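Biologist: Could you take me through this structure? I would like to begin with the packing of the helices and then turn to the salt bridges.

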Amino acid sequence: MTGGARAQTAQPVLAQFLSKISPGDLVPGADAFGPIRDDVAVAPLMKEGAQIGHVFITSDFVGTTGYSGKPIHTMVAVDDDARILGIDLVKHSEPIVLIGIPDTKIKAMMVDYIGLSLVEEAAAGGSGHDLNIISGATVTIMVIDDSIIRSGLKVARALGLGGLHTEVDTGPQFVINADAAMPDSWTEMEGDGTVRRLALDVGQINAAFEEMGDPRTAKRALTEAPETTFIDMQAALVSVPAIGEAILGDAEYSNLTAWLDEGEHAVAVVGRGIYSFKGSGYVRGGIFDRIVLIQDDVSVRFRDRGHKRMGAIAASGAPEFVEKDLFKIPADSGFDPTKPFRIQLLVQRDVAAIEKVFLTYDLGYQLPPAYLSPIVAPAPVEAEGHASEMDAQNALWKRIWEDKTVEIAALGVMLFVLTAAFFFQTYVTRSARFTYWFRMSFLMVTLVFLGFYANAQLSVVNLMALFGALTSGFSWQAFLLDPLTFILWFSVATALLFWGRGAYCGWLCPFGALQELSNQVARKIGIPQWTLPWGLHERLWPLKYMIFLGLFGVSLYSIEQAEHLAEVEPFKTAIILKFMRAWPFVAYAVALLMAGLFVERFYCRYLCPLGAALAIPARLRMFDWLKRYKECGSPCQTCAHECPVQAIHPTGEINPNECVNCMHCQVLYQSKDKCPVVIKQLKRRASVTAPVLTGAKAAALANHPNISK
């Protein structure tokens, strides 16, 4: 729950950690925590019976969601003068520790906050300190920094620390003036503040880095002339009608209004010079990590799904800009276009192969009075009830689904094609060549689109999280926040009743696709294929079930510990992080893929706990779609010998727990070259339609190896 006050029935995040954190580790000399206050989620920090400060968790007051999509919980201690006494990163799910940045380095960075005055931060608008960015974790550090400052200010104002008090707005409130006159030129907009500007030259940047005192920055100084433009960045709030029409033109502004949903706003940012305000980080992570919009306690980080490139500027007299971009401000961000805000620019300089130092600059913005209309606040009325948290959560997942419309549609097409292939598999498998290339193409789409692009890789962790939710207050909203994963799980649940685990494991699992495609390459280049003896193969099957049951048992005790042990799945390394991880994880994933070069789908067969988890309910499937002849298994062993995952018993039965529905046995079922039953039928028909066969055709048919004499 965010905000300074809380309902007494609400359980603050702070309550989860007071018993787990040592007061002395947070602040040297402290020996106890007092009880959590009833009015605000803060606990006293004690030393020898006397209170020396106040402790809180940032996520009790502000949003702290990072790259992982989960909150970053930071414990902060402040004294009566609103100075930070201690700070500790108590829990997070960020992938930063998975790609070579140790958790200890993040915690060491936090030491710099000790002694920081929140009074000075309030006076500076939250930017009165230097931000110590760790290279490779820019967005995560910015989230942590933002949450520390904003939550600290909320607590200080709620408790009156350092003379700070909750701000009460007694002045007039404003709304956007929809009838404001459109400015005539870019020069006019620069003059009246409609367009705001941040201009820096090379000399200023070199001097600022030199003042940091790090000799490495001087060695990396820019060599351009000091007066060279480093960046000339300008911004305007183009969701205001008069401003948008002046800068974008009628047609482009019409497109903008269609792009924005109700309550959303947009800011235009343009720039020129040798430094880009966009950078390239958004290409990899989807977040523009060089700029952030800040307004009081609100911060908005722009993402690629809320970004559009601008066309030509319509206003006369506009300079030529290298970069022209539009950024969407979400409706649920808390942004108020009538109040001042700032766009913070992060400037970085490489000082080593994998190390950078950073500076921050602010472009302040306030709509000129011409675009605002004062309103009279309505008389207060009795609230019908507390603001609905459920409505807020629904709005959030609906917005996420709207942002993922293209990906959802693509997944829908994939599921439709796969379902049609299963229902009409008799027609699909008439041609071995068509079936092979259909399968290889589908697996390639699964790997590239579902896996590397959309990161829609299901995991046994999802099942453990679902079980945890069912036992501790289930809510659909948490699962709806990831549309593709939700759709996939719903599809898997349906497919289990029709086709068993094979619909997902054989066609929609990105890591399974990676194994099979790499094995196909191995076959093409002549790597020998190993077929394990049936007795050994059958005894290795249970390994994955034991792994799953072990993980499930651990999850009953600690879901966090189970998530760590679930690293037995190489999905995160190979698919989500694309092998950009610490070498032991990469070596493990590569070893499994190498084993799969010799034994097709080695991991799927023997180690995958997700496959085991899906196989258990798959026993409830209602239909048996795979056709068999009574001769299958006795005497014919063709399907058993050619099954890619050895899911067919020597006696001819298909084990649904191991079958991946590759359809190869259905190709053989209709094969005129390999299936003895089909060949016999052809021979019988031939004897009826052409009683006398002579020459090579008769000899070939009579001597076919799969036909009993």
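Modeller: Helix H20 passes helix H25 in a right-handed crossing, meaning that the near helix is turned clockwise from the far one by less than a right angle. Helices here are DSSP runs of H or I with at least four residues, strands are E runs of at least two, and both are numbered from the N terminus. Please note that this is a predicted model, in which local features need pLDDT of at least 70 and side-chain atom pairs count only at pLDDT 80 or more, while totals for chains, interfaces and linings use all residues. Residues are numbered from 1 along each chain as its sequence is written, and side-chain values use heavy atoms, with hydrogens and water left out.

Biologist: At what angle do H20 and H25 pack, and how far apart are their axes?

Modeller: The angle between H20 (residues 510-524) and H25 (residues 583-598) is about 50°, and their axes are 8 Å apart. Axes are lines fitted to C-alpha atoms, for helices over the stretch in contact, and angles run from 0 to 180 degrees between N-to-C directions. H20 is therefore oblique to H25; angles under 35 degrees count as roughly parallel, over 145 as roughly antiparallel, 65 to 115 as roughly perpendicular and the rest as oblique.

Biologist: Which residues make the contact?

Modeller: H20 contributes Phe-511, Leu-514, Gln-515, Ser-518, Asn-519 and Ala-522, and H25 contributes Leu-593, Gly-596, Leu-597 and Phe-598. Contact means heavy atoms within 4.5 Å.

Biologist: How many of them are nonpolar, polar or charged?

Modeller: Six are nonpolar, four are polar and none is charged. Ala, Val, Leu, Ile, Met, Phe, Trp, Tyr, Cys and Pro count as nonpolar, Asp, Glu, Lys and Arg as charged, and the others, Gly among them, as polar.

Biologist: Changing topic, how many salt bridges are there?

Modeller: The count comes to 14 salt bridges, each being a side-chain nitrogen of Lys or Arg within 4 Å of a carboxyl oxygen of Asp or Glu. One of them joins Glu-658 and Arg-501, at 3.9 Å from N to O. Glu-658 lies in the loop between helix H28 (638-642) and helix H29 (664-669) and Arg-501 in the loop between helix H18 (483-498) and helix H19 (502-505), so this pair ties together parts that are 157 residues apart in sequence.

Biologist: Is that Glu-658 buried or exposed?

Modeller: Glu-658 is buried, with a relative accessible area of 6%, and Arg-501 also counts as buried, at 2%. Buried means under 20% relative accessible area, exposed over 50% and partly exposed in between, with a 1.4 Å probe and protein chains only.

Biologist: What does Glu-642 pair with?

Modeller: Glu-642 meets Lys-674 in a salt bridge of 3.2 Å, N to O. Glu-642 is in helix H28 and Lys-674 in the loop between H29 and helix H30 (676-689), 32 residues apart. Glu-642 is partly exposed at 29%, as is Lys-674 at 36%.

Biologist: Which residues are linked in a network of salt bridges?

Modeller: Arg-197, Asp-232 and Arg-272 are linked in such a network.

Biologist: And where is Asn-655 found?

Modeller: Asn-655 is in the loop between H28 and H29 and counts as buried at 12%. Leaving aside neighbours within four places in sequence, Asn-655 is in contact with Trp-541, Ala-647 and His-649.
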